[in-house]
Structures are given as C-alpha cells and as structure tokens.
Amino acid sequence: MTSLRYLHLDVFAATQGGGNHLGVVLGADGWGTAAMQRFARWTALVETTFLLPPTDPRASYRARIFTPHKEIPFAGHPSIGSAHAALACGLAEPRDGLLWQECGAGVLPIRVLGDGAGRELLLQSPGERVLDTGRDAHPLLAATLANIEPGVLPPALVDGGRRWWLAELADEAGLRAWQPDHAAIAALAHASDSMGLCAFARCRQPDYQLVVRAFPAGVGIVEDPASGAANGLIAAYIAHVEPHGPLARGYKVSQGREIGHDAQLIVHIDGNAIWVGGRSHTVIDGTLAWTP
C-alpha cells in the first residue's frame with residue numbers, strides 16, 4: 001500500500017460547496033492506466049485527475065483525467081482544478097503569469113490571476129469548430145428542443161476537445177424553469193457522438209450575464225453543475241456569430257442552481273482565444289492509502 005497526497009476540490013464555486021467536485025492525486029508516478037482507472041471508478045466523481053511530471057519540456061506538469069469509466073484527453077473543470085492543486089502543493093510555479101498543462105489534448109496555457117483565496121485560473125480552450133447550425137441540423141434535434149422559446153442564435157453543434165449541441169433560450173426564467181426531455185437529449189447525444197445539450201440564456205444580473213445548464217447525457221450524467229469545456233464552446237460560438245456584440249469580449253456565467261449548486265465561471269475572449277475559468281477551493285487535503 002502506498003500513501004499519496006489527495007485533494008478534494010470545489011471548482012468554479014461562487015459560494016461554498018457551489019462548484020463541481022474534483023479529486024486530485026499527487027505522486028502516483030508508478031501507477032499504470034488500469035490502477036488510475038480503478039481509483040477513479042471508486043471515487044465515483046465525474047472526474048479524477050492524476051498530477052505527474054511532464055514529458056514535454058514546455059509543460060509545468062502533466063495531468064491525466066479520468067471519468068469513472070474511461071480516460072479523457074481534456075475537460076474544463078478538471079484542468080482548472082489540477083492547476084489549482086499544482087500551485088497549492090508547490091508542484092509548479094507560473095511563468096510570465098501562465099502555467100502550461102500537459103494533457104491528452106496537448107500543452108495548454110492557464111492564466112494565473114491574483115493569489116490566495118481570490119486567485120482566478122483561466123484555461124485557453126484547445127480550439128473550436130462550428131460543425132452545423134439550425135434546428136434541422138439533426139433529425140433528433142427538434143424533439144429535444146420542443147416546448148422552449150428559442151433565443152437569438154440558432155442551435156449549433158460545436159467541437160473543441162469535447163463536442164456539444166448548444167441552444168440559446170429566450171430568457172433566464174425560461175431556462176431555469178425548463179424541464180428537458182432527458183431521454184431525447186440522450187438519444188441525440190448518442191446518435192451524434194456528442195456530450196449532449198448545453199443550453200444558455202442572456203441576462204443582465206449584477207454578477208453574471210449568461211445562465212447555462214448542461215446535460216451531458218452522452219456520458220450518463222443528467223445535469224452538470226459547472227462545465228468549463230462547454231462554456232468555452234458557447235463563448236466561441238458567440239464570438240464567431242457576434243464578433244462585435246455585447247458579449248464579444250467576455251462575461252460571467254451562473255450555472256448549477258437548478259440542482260442545488262451555485263457556480264460562477266469567467267469567460268475572457270481575446271480575438272480568437274477563448275479563456276474560461278474561475279476560482280477553486282481545497283475542501284479536503286489529506287493522505288490517500290491505496291494499493292494500486
């Protein structure tokens with residue numbers, strides 16, 4: 001049995017306990033893929049990451065990201081949480097305000113803004129492509145979006161590390177009250193090889209300008225409380241369609257309240273670069289006793 005450092009984090013939380021859970025294991029350099037997968041299955045968290053020495057000389061550290069079922073190349077909240085853990089544990093130091101995370105999607109930059117409890121970390125998305133738009137973009141899309149009042153932008157299928165269907169609703173109240181057909185979302189996700197549906201609505205609240213709800217039925221999750229990668233795709237879509245609009249330089253997002261969470265994500269848009277992040281908090285910092 002080996003004793004390793006283990007952190008349990010609250011990622012993207014606007015209030016205590018409001019964000020997305022993440023387990024981070026440090027020091028598992030000798031573990032193989034099967035051992036990491038076994039532990040990630042045991043935690044039953046949406047994602048568990050393992051921080052390792054980088055293999056690329058450009059990188060500050062290396063992160064391997066696992067769901068309970070498989071290893072994935074990239075995800076938003078595990079990347080932000082891993083960067084938080086790397087800083088908190090002294091595994092890495094920023095260079096010119098940046099960390100460089102090596103993961104399955106390559107070596108990605110993470111901005112470090114501030115320090116201490118108020119520190120914000122923003123990940124540059126690995127690149128996005130709008131694959132298709134319109135309610136007729138897929139035969140199952142219309143049924144998935146039945147009984148909602150649409151917003152300004154047409155639905156879209158966007159790919160960037162992960163693939164999501166995006167749909168804008170007319171207003172915040174309608175999105176927060178929406179009772180989606182989860183079976184229809186799952187059918188669409190599996191038929192289009194996507195994560196599922198991410199819906200958003202614009203608003204003019206003091207603390208946020210966009211409300212987001214994410215339904216990753218493609219990986220067996222009903223609703224996600226805080227979705228970094230999906231928010232990156234929304235930002236890329238808005239920047240692509242409305243390059244001079246009111247959200248074209250960035251905004252703040254509220255997510256998760258419908259399922260008892262309270263997450264806040266920050267989006268910065270610099271030309272073609274999309275940065276998504278927020279704050280992370282260490283809830284548990286302890287020793288992991290586990291036989292790999």
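This is a predicted model: local features need pLDDT of at least 70, side-chain atom pairs count only at pLDDT 80 or more; totals for chains, interfaces and linings use all residues.
Where do the two domains run along the protein chain? The domain assignment gives domain 1 as 5–124 + 278–287. Taken over C-alpha atoms, the centres of domain 1 and domain 2 are 25 Å apart. Domain 1 brings 13 residues to the contact. Domain 2 brings 10 residues.

Next come the polar links. Between domain 1 and domain 2 the count is one salt bridge. A salt bridge also joins the side chains of Arg162 and Glu47, at 3.5 Å from N to O. Five residue pairs are in polar contact across the interface of domain 1 and domain 2, both residues of each pair at pLDDT 80 or more. What kinds of residues make up the side of domain 1 that touches domain 2? Six are nonpolar, six are polar and one is charged.

Is Ser60 buried or exposed? Its relative accessibility is 13%. Buried means under 20%, so Ser60 counts as buried. Which residues does Ser60 touch, leaving aside its neighbours within four places in sequence? Ser60 is in contact with Pro54, Leu91, Ala92, Arg95, Leu99 and Trp100.

Methods:
Residues are numbered from 1 along each chain as its sequence is written. Side-chain values use heavy atoms; hydrogens and water are left out. Domain bounds come from an automatic or database domain assignment. Contact means heavy atoms within 4.5 Å. A salt bridge is a side-chain nitrogen of Lys or Arg within 4 Å of a carboxyl oxygen of Asp or Glu. A polar contact is a pair of N or O atoms within 3.5 Å; within protein, one must be able to donate a hydrogen and the other to accept it, and residues adjacent in sequence count only if both atoms are side-chain atoms. Ala, Val, Leu, Ile, Met, Phe, Trp, Tyr, Cys and Pro count as nonpolar, Asp, Glu, Lys and Arg as charged, and the others, Gly among them, as polar. Buried means under 20% relative accessible area, exposed over 50%, partly exposed in between (1.4 Å probe, protein chains only).
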